Amino acid sequence: QVQLVESGGGLVQAGGSLRLSCAASGRTFSSRFMGWFRQAPGKEREFVAAINWGGTSTYYADSVKGRFTASRDSGKNTGYLQMNSLKPEDTAVYYCAVRQRPVYTTVVITTAFEYDYWGQGTQVTVSS
């Protein structure tokens, strides 16, 4: 089992920045990827970003590319999502997730149901 605890959400004005954290604990040694997803009211959960467990490869949704950066601190077993130039349309509950099963295609990385463990979510609200 893997436990994920997120923090760092909040209210920010458009153009501002936030950094989300996702602290992982438990049996994390066989983890392959940490993903970030978000879900706005009335919408499906959507892929935001992902990073491999070694921190050497990152993937981003087109809507956040150039503004968001995913990273990992292996010593702290924590992942981060740095969000800059925030827009009102970024408002959502943000979730981190971990996949431990092998990854054979990038489609898996961007698909929510392909992840094995989820955090509780943290609210991000961007005001205009």
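This is a predicted model: local features need pLDDT of at least 70, side-chain atom pairs count only at pLDDT 80 or more; totals for chains, interfaces and linings use all residues.

Biologist: Which residues touch the most other members of the largest nonpolar core?

Modeller: A nonpolar core is a set of buried Ala, Val, Leu, Ile, Met, Phe, Trp, Tyr and Cys residues joined through side-chain atoms within 4.5 Å; buried means under 20% relative accessible area, exposed over 50%, and partly exposed in between, with a 1.4 Å probe and protein chains only. The largest such core holds 35 residues, and those touching the most other members are Leu4, Trp36, Val48, Phe68, Leu81, Met83 and Tyr94.

Biologist: With which residues is Phe68 in contact, leaving aside neighbours within four places in sequence?

Modeller: Contact means heavy atoms within 4.5 Å. Phe68 is among the core residues that touch the most other members. Its contacts are Arg38, Val48, Tyr60, Leu81, Gln82, Met83, Asn84, Leu86, Asp90 and Tyr94.

Biologist: Which cysteines form a disulfide?

Modeller: A disulfide is a pair of cysteine sulfur atoms within 2.5 Å, and the count comes to 1. The sulfur atoms of the pair are 2.0 Å apart, and the residues are Cys22 and Cys96.

Biologist: Where do Cys22 and Cys96 lie in the chain, and how many residues apart are they?

Modeller: Strands (E, at least two residues) and helices (H or I, at least four) are DSSP runs numbered from the N terminus. The pair links distant parts of the chain, with Cys22 in strand E3 and Cys96 in strand E9, and the separation is 74 residues.

Biologist: Is Glu114 buried or exposed?

Modeller: Glu114 lies in the loop between helix H1 (106–109) and strand E10 (117–118). Not counting residues up to four places away in sequence, Glu114 touches Arg99, Arg101 and Val108. Because its relative accessible area is 18%, Glu114 is buried.

Biologist: In what order do the 4 strands form an open sheet, and which are the edge strands?

Modeller: Two strands pair if DSSP finds at least two bridges between them; E1 and E3, for example, run antiparallel and are joined by 6 bridges. The order is E1-E3-E8-E7, with antiparallel pairing. Each edge strand pairs on one side only, and these are E1 and E7.

Key. Residues are numbered from 1 along each chain as its sequence is written. Side-chain values use heavy atoms; hydrogens and water are left out.
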